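Me: Please take a close look at a single part of this model: the place where the two chains meet. Keep it brisk.

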Amino acid sequence: MKINQWAVWILILGVVGGTGCSPLAPIPVQSETVHFSGGSTTGPLTIRRVELRFSNGQAETIVPRNGKLSTQAIIQFNGNGLFRASWLVDDRVVEAVSTTVTFGNTLTVDMAPPTRLPIFEPGQHRLTLRIEQPVSSLTIPTLIFMVTADENSEGKTQIK
Amino acid sequence: MNKFFQFLSVFVVLFILVLRVSSVLGSTELPLMNGDIRLIEPLPMQTQAESSIVIDTGNYTGPLIILVDGVDVSAMVKHEGAQWRYQPSDPFAAGKHHLEVLATGMASSARADWVLSVGEELLEGEKETLYSKSSFSLTGNQVFGKKTQDQDIAANGNLALNVGAKSGETEVSFESNMGYSNTSPTNELTPFGLLFQVKHDKNRLAFGDVVFSGTPLTALPLSRRGVSAEMQGENAGLQVIQASSRTVTGWNSGLSSENQIRGAGVTYHLAGQNDQPLRIAAVALDGEILSDSSPNVASIAAPSRGSVGGVLGSGRYAGIGYNAEIAASANNPNTLSNEGTRRDLAGRLQLDKTVGGVNLRANYQRTGARFASIANSGATYDREQYALSGGAGFGTSFLSASLSRSRDNLDNDPARPVVYNNNTGLTYSLIQQNWPALSLSYLYGRVKSQSEPAGDPETDILNQSGTAALSYGGEGWSSNLVLSDSWIADPLNGDANTRNAALSGSLKWLDKLSLEPTFSYSNIDYNGMFQKTTAGTLTLNWHIIAPLSLAGQMTWTKNDISDNLADNVERTAILRMVWDISPRLKSLFPRQHSGLTLSYSGDHYADHLDSSQNRWDQTVMLGIQVFSPLEGEVHF
């Protein structure tokens with residue numbers, strides 16, 4: 001049976017919107033997740049270097065089950081043009097990124113705050129950035145995170 | 001099936017072994033059982049002077065005599081169900097106290113006693129402590145699914161080791177992690193994380209994954225494998241580091257002869273007027289700048305070597321905050337071609353002052369074309385930039401504005417264009433109680449070349465973007481909506497228009513159910529090519545009943561590019577049901593957290609242009625998970 005995804009989304013939004021909302025409290029707006037810095041500008045967009053890292057600055061980390069985890073890509077490039085990519089966890093897309101690069105040589109892509117990495121499954125998981133445009137011959141590195149089997153308490157994140 | 005039983009046997013043995021070890025190691029933090037009488041509070045290692053004493057006697061309802069240092073305090077004991085609480089009128093004095101409990105009406109174990117250590121200071125003769133804050137996590141799964149075929153068993157384990165010893169102000173500790181993944185027939189042992197430390201007072205010698213505190217122009221917090229020494233006085237500090245320039249993995253020392261970074265940093269705090277100290281930091285680093293490969297880096301840049309040093313001062317004077325730095329670097333941009341050493345300077349100055357409620361900030365930075373920051377992959381070079389920004393609040397509104405101008409190609413290299421980038425930004429926020437928080441921003445930018453290499457066309461890119469963000473939330477729920485539209489006019493490479501919409505939310509219901517949906521839509525018109533990307537995720541966590549919980553994430557991505565370049569839809573789902581069996585094992589293995597799991601993973605990909613790419617993989621896993629802290633302390 002084919003499921004109508006729009007109906008699912010409408011149902012979800014209806015549930016969210018129809019819930020009691022008192023007392024109300026403002027929450028911060030979403031922060032910028034793409035940053036640029038200086039360098040050459042002309043010519044088509046080409047990628048020279050890609051670095052992926054967790055907040056500990058390294059390629060591996062451990063996180064408790066249901067903890068919080070984010071990652072960052074630092075991309076050095078020449079030229080300008082369209083940049084499209086997807087964050088993948090165990091080959092599954094968890095977030096799509098698209099921006100137009102017009103100036104600079106370094107593009108920093110933070111995982112957007114709403115994105116939740118699937119860290120409810122204990123064990124080892126792989127995280128990478130699939131760059132769809134521009135096409136590059138670089139082999140993009142893969143980060144490893146280990147989810148332990150212990151439940152994380154609210155606000156207590158153990159990232160080593 | 002033999003393989004399965006072998007796996008099962010090994011897993012069960014490991015399971016019991018881990019639980020037994022954890023029970024022994026963790027026994028000091030558990031309610032101490034002495035026959036049928038248990039000491040609930042205080043835990044021996046957490047005893048504080050103001051602590052009360054709580055005894056649990058199970059089904060036994062009395063009478064009970066409690067003696068503290070031989071004094072009968074039974075008359076001051078409150079009896080609540082199976083628990084007996086003694087709250088002393090004065091805090092316990094620091095030192096050792098003898099607690100004795102007599103259950104005169106109990107059939108067995110009518111007497112129990114403990115020795116409590118009160119206060120932070122250890123007792124005479126107990127100056128040394130051995131401790132463990134380690135943990136062990138193990139999962140094992142039987143996998144069912146056509147994709148797996150022979151790969152029908154999967155196991156994951158992780159040992160997080162954290163052990164140490166303390167003696168007075170001196171502490172020695174060791175931390176490491178070892179991950180193990182077995183998806184037969186593949187075995188993978190991934191040791192990562194390594195830190196051995198010797199600390200005395202505020203001084204520290206560390207070996208392993210050390211962090212170096214640089215300055216913005218030299219190396220911002222640098223995490224690498226190596227050795228670091230820190231000495232900290234009242235106003236001055238010194239850090240010395242020798243480490244691998246690469247982000248390393250495994251248990252390699254990071255001290256091999258190649259790819260080294262060596263550095264030193266000194267900080268000094270001058271207590272100035274009005275308690276606004278001047279901080280001076282001097283940093284010098286030497287080593288390889290870019291490696292061509294490492295576990296998390298892909299690069300086509302050749303390795304280069306060099307050194308960099310910087311002096312930073314920051315503080316506040318006459319109401320003006322300042323942060324200034326001067327740095328110099330010398331590097332060989334390609335050690336393979338031996339191009340020779342290049343030297344250059346960089347400097348920056350930041351000032352901020354509040355005038356009439358308006359917060360003003362000014363920045364200037366100049367980084368030479370040949371300047372290189374060691375192991376700072378986000379470094380900016382060959383740029384001079386001025387920036388002014390200010391912001392002020394008006395009741396529930398906040399308005400901020402920024403202006404910046406930068407120039408690249410500082411040496412007027414005729415082989416490259418001289419490019420200016422001018423930007424203006426405006427942001428308005430409205431945060432009013434009981435109303436959604438609103439944020440509007442507009443950015444205008446222009447990238448224009450002043451001169452170009454002979455024969456090259458002029459660069460003149462106009463960039464405008466507007467963003468609106470709306471946030472709303474209440475008790476148990478929150479939502480964010482962000483809309484953005486950007487227009488780029490680029491005569492050289494073509495115009496672009498990008499529209500993004502992102503909706504995200506979070507819903508929690510009675511701490512039993514949480515749903516976190518996200519939905520994003522992106523429409524790009526780039527140089528005549530159209531692309532629409534739609535993506536959604538739904539993450540759920542549902543505590544169905546006390547021992548049973550369900551977690552999962554579903555994603556949906558649709559990608560459509562004009563001219564038949566792409567047209568595909570991918571749906572994935574992971575659902576995981578856990579039956580918490582910890583309570584049933586508590587009496588045997590009190591320290592563990594264990595669960596039986598049933599997981600489903602599905603991945604459906606439909607390519608509307610090339611059906612040979614279509615796939616539909618489904619996997620079901622039946623497994624067990626165990627987590628066990630391996631914690632404890634021993635005083636001697």
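Reply: A polar contact here is a pair of N or O atoms within 3.5 Å; within protein, one atom must be able to donate a hydrogen and the other to accept it. The model is predicted. By that rule, 13 residue pairs are in polar contact across the interface of chain A and chain B, with both residues at pLDDT 80 or more.

Which parts of chain A supply its side? Helix 1 (5–17) of chain A gives at least two residues. So does each strand in this list for chain A: strand 2 (46–54), strand 3 (60–65), strand 4 (71–78), strand 5 (81–89), strand 6 (92–101), strand 8 (123–133) and strand 9 (143–151). By class, the side of chain A that touches chain B holds 36 nonpolar, 31 polar and 15 charged residues.

Now the extent. Chain A puts 82 residues into the contact, and chain B puts in 103 residues. The area buried between the two chains is about 7,700 Å². Carbon and sulfur atoms give 57% of that area.

Next, the charges. Side chains of opposite charge can pair when their charged atoms come close. A search of the whole structure finds 21 salt bridges over all chains. Between chain A and chain B the count is two. One of them joins A:Arg116 to B:Glu516, with the closest N and O atoms 2.9 Å apart. B:Glu516 sits in strand 32 (residues 513–526) of chain B. A:Arg116 lies in the loop between strand 7 (106–110) and strand 8 of chain A.

Strand 2 of chain A runs antiparallel to strand 20 (residues 297–299) of chain B, and three bridges join them. Within strand 20 of chain B, B:Val297 stands opposite A:Glu51.

A pair of aromatic rings is described by the distance of the centres and the angle of the planes. Over all chains, the count is three aromatic pairs. One of these is formed by A:Phe54 and A:Phe145. Their ring centres are 6.3 Å apart, and the planes make an angle of 85 degrees. That makes the pair edge-to-face. A:Phe54 belongs to strand 2 of chain A and A:Phe145 to strand 9 of chain A, so the pair ties together parts that are 91 residues apart in sequence. Strand 2 and strand 9 of chain A each supply at least two residues of the side that touches chain B.

Conventions:
Residues numbered from 1 in each chain as written. Chains lettered and ligands numbered in written order. Predicted model: local features only at pLDDT ≥ 70, side-chain atom pairs only at ≥ 80, totals over all residues. Heavy atoms only, no water. Contact = heavy atoms within 4.5 Å. Buried area = accessible area lost by both parts, 1.4 Å probe. Salt bridge = Lys/Arg side-chain N within 4 Å of Asp/Glu carboxyl O. Polar contact = N/O pair within 3.5 Å; in protein donor to acceptor, adjacent residues only side chain to side chain. Helix = DSSP H or I, 4+ residues; strand = E, 2+ residues; numbered from the N terminus. Nonpolar A, V, L, I, M, F, W, Y, C, P; charged D, E, K, R; others polar. Pairing = 2+ DSSP bridges. Phe/Tyr/Trp six-rings, centres within 6.5 Å; stacked < 30°, edge-to-face > 60°.
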